[in-house]
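The sequence and the structure are shown first.

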2 protein chains.
Amino acid sequence: MTGAPGLERLSLNTATTKRWSLAEAVAGCVAAGVPGIGLWRDRVAEAGAERAARLVRDAGLTVTSLCRGGFFTAPDAAGRAAALEDNRRAVEEAATVGTDTLILVCGGLPEGSNDLPGARRMVVDGIAALLPHARQHGVRLAIEPLHPMFCADRAVVSTLGQALDIAEESADDDAVGVVVDAYHVWWDPQLDRQIARAGSRIASFQVCDWVLPLPADVLLGRGHVGDGRIDLPRLADAVHAAGYRGFTEVEIFNQEIWDTPGEQTLSELTARHRDFSARLSSQ
Amino acid sequence: MTGAPGLERLSLNTATTKRWSLAEAVAGCVAAGVPGIGLWRDRVAEAGAERAARLVRDAGLTVTSLCRGGFFTAPDAAGRAAALEDNRRAVEEAATVGTDTLILVCGGLPEGSNDLPGARRMVVDGIAALLPHARQHGVRLAIEPLHPMFCADRAVVSTLGQALDIAEESADDDAVGVVVDAYHVWWDPQLDRQIARAGSRIASFQVCDWVLPLPADVLLGRGHVGDGRIDLPRLADAVHAAGYRGFTEVEIFNQEIWDTPGEQTLSELTARHRDFSARLSSQ
């Protein structure tokens, strides 16, 4: 489906409507005129990958990403081998559900280790080991730099520049790309320069807003577009200027939004998207 | 005083022993053999700057920094002028208490604004306006990059590289320097390079550790050296290699540590410092 007017490049990440099953999220998108959907693996696993693929295909939705592979860092070789195996399954799932984009959250410091350079080498090695399988299945690996507050426990890849260094080291072509997630990168003084550098390596553009104060669980401190402190139109224009023409995926982790009925969240989200789109100079 | 063996370059930041008055902190340092003290302005104000100066001088302590000036960002010109005035007072206080280092926490996004480049310009302008007064009083302005999780509300200066860009733009000499605070910069993939670049602009080295999970108030998520995920000996060696020979100031914001008697905190802190110093390759 092409999406309702003003929503042609909008995608719902299923983490935003956390309580919905995949079938409910798909139906919700169709009803709201949202043509894209970003899938988390837990929702895909619940439905089964083949059935998930059928669900989204029959509804005419575009799967904009599968979240997520990664977590390459582990204290020992067995742990890293297990992570690699799981990443291979994630690549296959991405291909099955019909997306060419597997988002990688690369992993934090291994348990008991403070060796940040060592953990970063594990990420580079993990991507190198995974890449042939990804190429074989026509799936791009999209490195997601996470906000530096998650460096210890979730991702030792903390900036877009660093993600691009790894992407360029890993592949001469766009088989390894990057995610621009507003929440994670908005603060970066090098952001404009690195988005321009990223160009065709931008595999995914995700949005939500930075709301204050941060909640007790900083993972959940995200708000609807327009409710926080990120200049999102400026960011979207920069991503557009770099050549990105893909979907804008809305991914919000927020307990209050999770406690809201999905239809209401989608209604809010589409209204925000239209307002936000109207403020772009690029589109 | 020269400090007890193994503590010759150790400084207590008064924020670590938050419940102590300045007189108590000074007495605590002397008893524990800690030769340096970093002062917060609230403690100086309580005592009065002249009396504070006498207290530390009579005890033979070195004042390693005054925390803090900054907060240059404000929605209007009157707010920025008020901030500048307050910064001038902070410069004078630094000179009075006998330190050449005024630490600057530069301020977040102005109320109601999402204009990050604009806020950053306010910081550059504020430092330019303050610098003549600082030079006149023989006080260095030490820009402290804060962890990016504080970008919206406390400091739009988020990386050491960015702080150095501003320092170099502001002064040809070391009259504008930078703070290397482990808690704020440890995650930065460019850290080694930027510390080497900083060289003689390193005006202060502050340590504590990054403990998980982050507490509800992320300002308070700091732990004793050795309790968290930062490779502090590696960081200290890098700072040493860059030429820094000043004090290591321990600054810990942590409710549990604040609830601990100051003597006990100092005892813990000196033990950690000796252990940490023994693991340095540089000293």
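## Cis peptide bonds in chain B

Pro213(B) lies in the loop between β8 (209–210) and β9 (222–223) of chain B; strands (E, at least two residues) and helices (H or I, at least four) are DSSP runs, numbered from the N terminus. The peptide bond that leads from Leu212(B) to Pro213(B) is cis, and its omega is near -10°. A cis peptide bond also joins Cys67(B) and Arg68(B), with omega about 0°. Arg68(B) has its place in strand β3 (residues 62–70) of chain B.

The model is predicted: local features need pLDDT of at least 70 and side-chain atom pairs count only at pLDDT 80 or more, whereas totals for chains, interfaces and linings use all residues. Residues are numbered from 1 along each chain as its sequence is written, while chains are lettered from A and ligands numbered from 1 in the order in which they are written.

Phe71(A) is not a glycine, yet its phi is positive, at about 45°. Phe71(A) is located in the loop between β3 (62–70) and α4 (77–97) of chain A. Phe71(A) counts as buried because it has 21 C-beta neighbours inside 10 Å; the term requires 20 or more other C-beta atoms within 10 Å of the residue's own, with C-beta atoms placed from the backbone.

In chain B, phi of Phe71(B) is near 45°, again a positive value in a residue other than glycine. The loop between β3 and α4 (77–97) of chain B holds Phe71(B), and this residue is buried, with 21 other C-beta atoms within 10 Å.

## Packing of α1 and α11 in chain B

Helix α1 (residues 22–32) and helix α11 (residues 262–278) of chain B pack at an angle of about 45°, and their axes are 10 Å apart. Axes are lines fitted to C-alpha atoms, for helices over the stretch in contact, and angles run from 0 to 180 degrees between N-to-C directions. The two helices, α1(B) and α11(B), are therefore oblique to each other; angles under 35 degrees count as roughly parallel, over 145 as roughly antiparallel, 65 to 115 as roughly perpendicular and the rest as oblique.

From α1(B), Glu24(B), Gly28(B) and Ala32(B) meet residues of α11(B) that include Leu266(B) and Thr270(B); contact means C-beta atoms, placed from the backbone, within 7 Å.

## Contact between the chains

Chain A and chain B each contribute 23 residues to the contact.

Methods. Two residues are in contact if their C-beta atoms, placed from the backbone, lie within 7 Å. A residue is buried if 20 or more other C-beta atoms lie within 10 Å of its own, exposed if 12 or fewer, and partly exposed in between; C-beta atoms are placed from the backbone.
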